[in-house]
Amino acid sequence: MSPTPLRLLPWTTPEGNPCYLSTDSSQSRLSLLADDVEADQLDSGEQVLGGARAVLRDPEAGERALRFALTRATESLEDVLRVAVSRGARVEAGGG
């Protein structure tokens, strides 16, 4: 039986390094927590996208609003990319 591939978790260490999970079950407590965090990150990304679009539509938006929107969009994109990489690796491994 081949070893279960490591799952990239949707958070990093305090130093910004990736965290991985080794488990035989996609239903383990930590796997389910990671699923919930991924869902929250994707929801947050949708909200940030809506806010960024609103700022971009506002011709009166100042530098502070633009910088805030771009900062949040960058953070959200980083989260969404991590989720995509993690899910892609699980699909390739057949682990759902």
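How closely do the axes of helix α1 and helix α2 come, and at what angle do they cross? The legends below take up this question first and then turn to other parts of this predicted model.

**View 1. Helix α1 and helix α2 cross in a left-handed manner.** The axes of helix α1, which covers residues 29-57, and helix α2, which covers residues 63-93, come within 9 Å and cross at roughly 145°. Sorted by class, the residues in the contact of α1 with α2 are eleven nonpolar, five polar and seven charged.

**View 2. Asp 35 and Arg 90 form a salt bridge.** In this pair the closest N and O atoms are 3.9 Å apart. Because Asp 35 lies in helix α1 and Arg 90 in helix α2, the pair ties together parts that are 55 residues apart in sequence. Asp 35 counts as partly exposed, with a relative accessibility of 28%, whereas Arg 90, at 14%, counts as buried, the cut-off for buried being under 20%.

**View 3. The side chain of Glu 38 meets Arg 87 in a salt bridge, and it also meets Arg 90 in a salt bridge.** The N to O distance is 3.0 Å for Glu 38 and Arg 87. Glu 38 belongs to helix α1 and Arg 87 to helix α2, so this pair ties together parts that are 49 residues apart in sequence. Arg 87 is partly exposed, with a relative accessible area of 35%, while Glu 38 is buried, with a relative accessible area of 1%. For Arg 90 and Glu 38 the N to O distance is 3.2 Å, and since Arg 90 lies in helix α2 and Glu 38 in helix α1, the pair ties together parts that are 52 residues apart in sequence.

**View 4. Five residues are linked in a network of salt bridges: Arg 7, Asp 35, Glu 38, Arg 87 and Arg 90.** For the model, the count of salt bridges comes to eight.

**View 5. Strands β1 and β2 form a hairpin.** Strand β1, made of residues 7-12, runs antiparallel to β2, and three bridges join the two strands. Thr 12 stands opposite Pro 18, which is in β2. Five residues lie between the strands, and in the turn Gly 16 has a positive phi of about 90°.

**View 6. The side chains alternate along strand β2, residues 18-21.** In a regular strand the side chains alternate between the two faces of the sheet.

Terms used. Residues are numbered from 1 along each chain as its sequence is written. This is a predicted model: local features need pLDDT of at least 70, side-chain atom pairs count only at pLDDT 80 or more; totals for chains, interfaces and linings use all residues. Side-chain values use heavy atoms; hydrogens and water are left out. Buried means under 20% relative accessible area, exposed over 50%, partly exposed in between (1.4 Å probe, protein chains only). Helices (H or I, at least four residues) and strands (E, at least two) are DSSP runs, numbered from the N terminus. Two strands pair if DSSP finds at least two bridges between them. Axes are lines fitted to C-alpha atoms, for helices over the stretch in contact, and angles run from 0 to 180 degrees between N-to-C directions. A crossing is left-handed if the near helix is turned anticlockwise from the far one by less than a right angle, and right-handed if clockwise. Ala, Val, Leu, Ile, Met, Phe, Trp, Tyr, Cys and Pro count as nonpolar, Asp, Glu, Lys and Arg as charged, and the others, Gly among them, as polar. A salt bridge is a side-chain nitrogen of Lys or Arg within 4 Å of a carboxyl oxygen of Asp or Glu.
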